[in-house]
Amino acid sequence: MIEFRVKFESEQAQAAIKRLAANASNLRPFLNQIASVYIQSTEQRFESQTSPSGRSWKRNTPDTQRLKLKGMRARPPAIDGPNHIGVWSGKLASSIKWSVVNDSLYIGSNQPYAGWFQRGHKGVKPWGDVPARPFLGATKKADDKVQTMLKKYLESGV
């Protein structure tokens, strides 16, 4: 599974997370709420076709567009047409999952090609070199939302 981590740099956020972790029996539901923010943010990247930093993904090559238009082998044509980057069947976008292990939240995909899509890969048949198109990772907007949730959670006295 490919995954990403979020580290809050501010001392205030780190102290708040430590207080939250000290009451670990209540941590899992809160981590599930955090996961939903990052999952939604990740799924939105398949619509915006941008990386977590906001950079546009590299366009599909003419060969990829042709394959997505007509289909190949057992694959029918792409569900969103030849130009929609990162979506052929929708499996990658719908494979974004999370798990909570102890006091850590892991978000990733179990699709075998997720790593190629995230980091790029050389010599993939029939496409050739696949450029990196990061889809996993934190955005400032998601981080800010989680910071607000964390503040409200801690203020509630849980």
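**Close-up A. Pro-126 in the loop between β4 and β5.** In this predicted model, Pro-126 is found in the loop that lies between β4 (121-124) and β5. The peptide bond between Lys-125 and Pro-126 is cis, and its omega is about 0°. Most peptide bonds are trans, which sets the background for this view.

Close-up B. Ala-132 belongs to the loop between β5 and α6. With a relative accessible area of 37%, Ala-132 is partly exposed, because this value falls between the limits of 20% for buried and 50% for exposed. In sequence, Ala-132 and Gln-118 are 14 residues apart, while their C-alpha atoms are 5.4 Å apart in space. Once neighbours within four places in sequence are left aside, the residues in contact with Ala-132 are Phe-117, Gln-118, Arg-119 and Gly-120.

**Close-up C. Thr-139 in the loop between β5 and α6.** Thr-139 is placed in the loop that runs between β5 (128-130) and α6 (140-155). Its relative accessible area is 13%, so Thr-139 is buried; the limit for that class is under 20%. A polar atom of the Thr-139 side chain lies 3.0 Å from the backbone nitrogen of Ala-142. Apart from neighbours within four places in sequence, Thr-139 is in contact with Ser-41, Arg-45 and Pro-52.

**Close-up D. Gln-49 in the loop between α2 and α3.** The loop between α2 (27-48) and α3 (62-70) holds Gln-49. Phi of this residue is near 55°, a positive value in a residue other than glycine. Most residues other than glycine have a negative phi. Gln-49 counts as buried because its relative accessibility is 14%, and buried means under 20%.

**Close-up E. Arg-73 in the loop between α3 and α4.** Arg-73 is located in the loop between α3 and α4 (91-94). Here too the residue is one other than glycine with a positive phi, near 45° for Arg-73. The relative accessibility of Arg-73 is 77%, so this residue counts as exposed; the exposed class covers values over 50%.

Note on methods. Residues numbered from 1 in each chain as written. Predicted model: local features only at pLDDT ≥ 70, side-chain atom pairs only at ≥ 80, totals over all residues. Heavy atoms only, no water. Helix = DSSP H or I, 4+ residues; strand = E, 2+ residues; numbered from the N terminus. Buried < 20%, exposed > 50% of the residue type's maximum accessible area, 1.4 Å probe, protein only. Polar contact = N/O pair within 3.5 Å; in protein donor to acceptor, adjacent residues only side chain to side chain. Contact = heavy atoms within 4.5 Å.
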